[in-house]
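Me: I am new to this structure and would like a close look at one part of it, the aromatic rings. Could you walk me through them, starting from the whole chain?

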Amino acid sequence: LRCCTAASVVTDGSGAAAEERSLYIMRVVQIAVMCVLALTVVFGIFFLGCNLLIKSEGMINFLVKDRRPSKEVEAVVVGPY
C-alpha cells in the first residue's frame, strides 16, 4: 500500500529540487503571460490611437470642404481675370 501513495514516490531527497523546478517553470509561464498581455495592451492603445487619428483627420477634411471661401477672396481671385 505504501508504494501507491504520493509521499512514497519522492523519497530520495530530490523532492525539493522537483518542487523548485516546478516553481521556476510556473514563474517563467507567469512572466510570459504578463509579457503577452502587456504587448496586447500596448498594441491595442497604439492601434486605437491611430484609428482615432485617422477619424479625426477625416472629420477635419469634411469640415474644411464644408467651409465656403469668403466673398473677399473671390473678389481678389476674380479681379485679375
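Reply: Happy to! Let's begin with the surface: the protein chain has about 7,900 Å² of accessible surface, and 70% of that belongs to carbon and sulfur atoms. Such areas come from the Shrake-Rupley method with a 1.4 Å probe, and for residues only the protein chains shown count as cover. Please keep in mind that this is a predicted model, where local features need pLDDT of at least 70 and side-chain atom pairs count only at pLDDT 80 or more, while totals for chains, interfaces and linings use all residues. Residues are numbered from 1 along each chain as its sequence is written, and side-chain values use heavy atoms, leaving out hydrogens and water.

Along the sequence, the protein chain reads α-α-α, with three helices and zero strands. Helices (H or I, at least four residues) and strands (E, at least two) are DSSP runs, numbered from the N terminus. Of the 81 residues in the protein chain, 1% are buried. Here buried means under 20% relative accessible area, exposed means over 50%, and partly exposed is in between, with a 1.4 Å probe and protein chains only.

Now for the rings. Rings of Phe, Tyr and Trp (its six-membered ring) pair if their centres lie within 6.5 Å; planes under 30 degrees apart are stacked, over 60 edge-to-face, and the rest tilted. That rule gives two aromatic pairs. One is stacked: phenylalanine 43 and phenylalanine 47, at 6.3 Å centre to centre with 25° between the planes. Both residues belong to helix α2 (residues 15-66), where they sit four residues apart, about one turn of the helix. Phenylalanine 47 also pairs with phenylalanine 46: their ring centres are 5.3 Å apart and the planes meet at 65°, so this pair is edge-to-face. Together, ring pairs link Phe43, Phe46 and Phe47 into a cluster.

How open are these side chains? Phenylalanine 47 is exposed because its relative accessibility is 53%. Phenylalanine 43, at 46%, is partly exposed, and so is phenylalanine 46, at 48%.

In an unreviewed entry, UniProt lists residues 28-54 as "transmembrane region"; its positions are given in the numbering used here, feature names are shortened, and annotations may be inferred rather than shown by experiment. Over residues 28-54 the chain is 100% helix and 0% strand, with the end C-alpha atoms 39 Å apart. Valine 28 lies in helix α2 and is partly exposed, with a relative accessible area of 40%.

Finally, the cysteines. The structure has zero disulfides, a disulfide being a pair of cysteine sulfur atoms within 2.5 Å. Cysteine 35 is partly exposed at 44% relative accessibility, and cysteine 50 is partly exposed at 28%.
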